[in-house]
Amino acid sequence: MRVIGITGGVGSGKSALLAYIRERYNCKILMADEVAHKVKEPGQPCYEKLVALLPENVIDEDGNINKSRMAAAIFSSRELLTAVNDIIHPAVKAYILNEIAVEKRKGKIRFFFLEAALLIEDGYLDIVDEMWYIYASEEVRRKRLYGSRGYSEDKTGQIISSQLSEAEFRKHCGTVIDNTGGFEDACRQIDVKLGEYL
């Protein structure tokens, strides 16, 4: 089983390409964002620690942590943001390592894809066998974010400038899938790359 990290800037098309991979290949795909939500649920490793740390109004009537209220609380306090990340990031990494170990033991899938915007920054280079950078030009990414997500120019610019530079992504990723020219072309590049292992 080959473990492949998928990263890239916002609007590069990671989700669409992973949907294509899921349909075509014997694989498991884990999205770090989804894991981060899972570990915050009642009964999960982070829940009690977060409830003790966050303001009371962040907890819904049904006992769940309200995502938007939590975001508002942590982004208004750098200290709280750091404390929350110190709880969530190790739990996410532990969950991912466990999932990889489980799939290796089962021995039924050929590829395990792990997607996260911050794979490089959060130290996942030593967990994956290889890292792929899904690239799209800034112009294309901006168009996608205005169109599909309805982001303003300001919001798009803020998000893009907060992420790693193209040079930094390329430095850490052995494979670059260029998704500027269109979905079908990017899928062809994926088929060529994965074909090397099959």
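Student: Is Glu168 buried, partly exposed or exposed?
Tutor: Glu168 counts as partly exposed, at 27% relative accessibility. Buried means under 20% relative accessible area, exposed means over 50%, and partly exposed is in between, with a 1.4 Å probe and protein chains only.
Student: What kind of model is this, and how are residues numbered?
Tutor: The model is predicted: local features need pLDDT of at least 70, side-chain atom pairs count only at pLDDT 80 or more, and totals for chains, interfaces and linings use all residues. Residues are numbered from 1 along each chain as its sequence is written, and side-chain values use heavy atoms, with hydrogens and water left out.
Student: Where does Glu168 sit?
Tutor: In helix α8. Helices (H or I, at least four residues) and strands (E, at least two) are DSSP runs, numbered from the N terminus. The C-alpha atoms of Glu168 and Ile120 are separated by 9.2 Å, and these residues are 48 apart along the chain.
Student: Switching to rings. How many aromatic pairs are there?
Tutor: The structure holds 7. Rings of Phe, Tyr and Trp (its six-membered ring) pair if their centres lie within 6.5 Å; planes under 30 degrees apart count as stacked, over 60 as edge-to-face and the rest as tilted. One of the pairs is Phe113 with Trp132, edge-to-face, at 5.8 Å centre to centre and 70° between the planes.
Student: Which strands hold Phe113 and Trp132?
Tutor: Phe113 is in strand β3 (residues 111-115) and Trp132 in strand β4 (residues 130-135). They are 19 residues apart, so the pair links distant parts of the chain. Both Phe113 and Trp132 are buried.
Student: And what about Tyr133 and Phe169?
Tutor: That pair is stacked, at 4.8 Å centre to centre with 10° between the planes. Tyr133 is in strand β4 and Phe169 in helix α8 (residues 166-172), 36 residues apart.
Student: Why do Tyr133 and Phe169 count as buried?
Tutor: Tyr133 has a relative accessible area of 3%, and Phe169 has 2% relative accessibility.
Student: Which residues form the aromatic cluster?
Tutor: Tyr25, Phe111, Phe113, Trp132 and Tyr197 form one cluster.
Student: Now helices. At what angle do α1 and α9 cross?
Tutor: Roughly 50°, and the axes of α1 (residues 14-24) and α9 (residues 183-195) come within 10 Å. Axes are lines fitted to C-alpha atoms, for helices over the stretch in contact, and angles run from 0 to 180 degrees between N-to-C directions. That angle makes α1 oblique to α9. Angles under 35 degrees count as roughly parallel, over 145 as roughly antiparallel, 65 to 115 as roughly perpendicular and the rest as oblique.
Student: Which residues make that contact?
Tutor: From α1, Ala16, Leu17, Tyr20, Ile21 and Arg24; from α9, Phe183, Ala186, Cys187, Ile190 and Asp191. Contact means heavy atoms within 4.5 Å.
Student: Last one. How do α6 and α7 pack?
Tutor: Helix α6 (residues 138-148) and helix α7 (residues 153-162) pack at about 130°, with axes 10 Å apart. They are therefore oblique to each other. Glu138, Arg141, Arg142, Leu145 and Tyr146 of α6 meet Glu153, Thr156, Gly157 and Ile160 of α7.
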